[in-house]
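Please keep the 3D view open as you read.

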Amino acid sequence: MFSKPTITTRNDSITRKEVRSVLGSGSGLAGAVPEPKVVTEPPAAMEEKSSAAETEAPVAARLIVGPDVKLKGAEILDCDTLVVEGRVEATMDSRVIRIADKGAFSGKVSIDVAEIHGSFDGELTARSQLIIHATGKVSGKIRYGKLVIDEGGELCGDINSLSSEKPAQRYQRDEPVLPLSAVAG
């Protein structure tokens, strides 16, 4: 009358090997109860996920401001790379900024590497390197670790190397300083 489902008619993708891993192989202590194992996905899906996770490189935080986009009044944080193809008015502390040929950035930036093809106006601190290409125009208060300017690139404003801004070390004398009256007297 009623047909009971049997193991042979099941559509599950569980194999005997997986059943043994869930129930235990029987080689343990007598009367020991194996810990239950929860399987939420078929084994094929788990294998695909693990192999995909192993081959994927970590994705860096990247923000691209497109050619017709204007971003105004923002504070950009935790962004590995900012690519400016439109216009940006913001403050930023990050790793890399790239301003495209028609891109423009206005504001305050503290960055490791700045690569400028377009225009920058404001306060720029490039801790490692500032690269200004032939079409690049940079103006404002500029501080840099290393500077590279292609022929045709423009740079104007208050410009200093970060190494020249470090305060000079002061040394104390071991001998006492005599008052001027004692020396002249």
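The report below covers strand pairing, the nonpolar core, an aromatic pair, salt bridges and cysteines.

This is a predicted model, in which local features need pLDDT of at least 70 and side-chain atom pairs count only at pLDDT 80 or more, while totals for chains, interfaces and linings use all residues. Residues are numbered from 1 along each chain as its sequence is written, and side-chain values use heavy atoms, with hydrogens and water left out.

**Strands and their pairing**

Helices (H or I, at least four residues) and strands (E, at least two) are DSSP runs, numbered from the N terminus.

**The nonpolar core and its aromatic pair**

A nonpolar core is a set of buried Ala, Val, Leu, Ile, Met, Phe, Trp, Tyr and Cys residues joined through side-chain atoms within 4.5 Å. Buried means under 20% relative accessible area, exposed over 50%, and partly exposed in between (1.4 Å probe, protein chains only). The largest nonpolar core has 23 residues, of which L82, F105, L124 and L130 touch the most other members. Strand 3 (81-84), strand 4 (87-93), strand 5 (96-99), strand 6, strand 7 and strand 8 (137-149) each supply at least two residues of this core.

What does F105 touch, leaving aside its neighbours within four places in sequence? With contact taken as heavy atoms within 4.5 Å, its partners are L82, V84, V88, A90, I97, I99, S119, F120 and D121.

The structure holds one aromatic pair. F105 and F120 form it, stacked at 5.6 Å centre to centre with 10 degrees between the planes. The pair links F105 in strand 6 (residues 104-116) to F120 in strand 7 (residues 119-132), 15 residues apart. Both F105 and F120 are buried. For such pairs, ring centres of Phe, Tyr and Trp (its six-membered ring) must lie within 6.5 Å; planes under 30 degrees apart count as stacked, over 60 as edge-to-face and the rest as tilted.

**Salt bridges**

A salt bridge is a side-chain nitrogen of Lys or Arg within 4 Å of a carboxyl oxygen of Asp or Glu. By this rule there are five salt bridges, and the table shows some of them.

| Salt bridge | N to O distance |
|---|---|
| D80 and R95 | 3.8 Å |
| R127 and D93 | 3.5 Å |
| D112 and R127 | 2.9 Å |

D93, D112 and R127 are linked in a network of salt bridges. R127 is partly exposed at 34% relative accessibility, as is D93 at 42% and D112 at 27%.

S110 lies in strand 6 and is partly exposed, with a relative accessible area of 23%. Leaving aside its neighbours within four places in sequence, S110 is in contact with M92, D93, S94, T125 and R127.

**Cysteines**

How many disulfides are there? With a disulfide taken as a pair of cysteine sulfur atoms within 2.5 Å, the count comes to zero. C79 is buried, at 8% relative accessibility, whereas C156 is partly exposed, at 46%.
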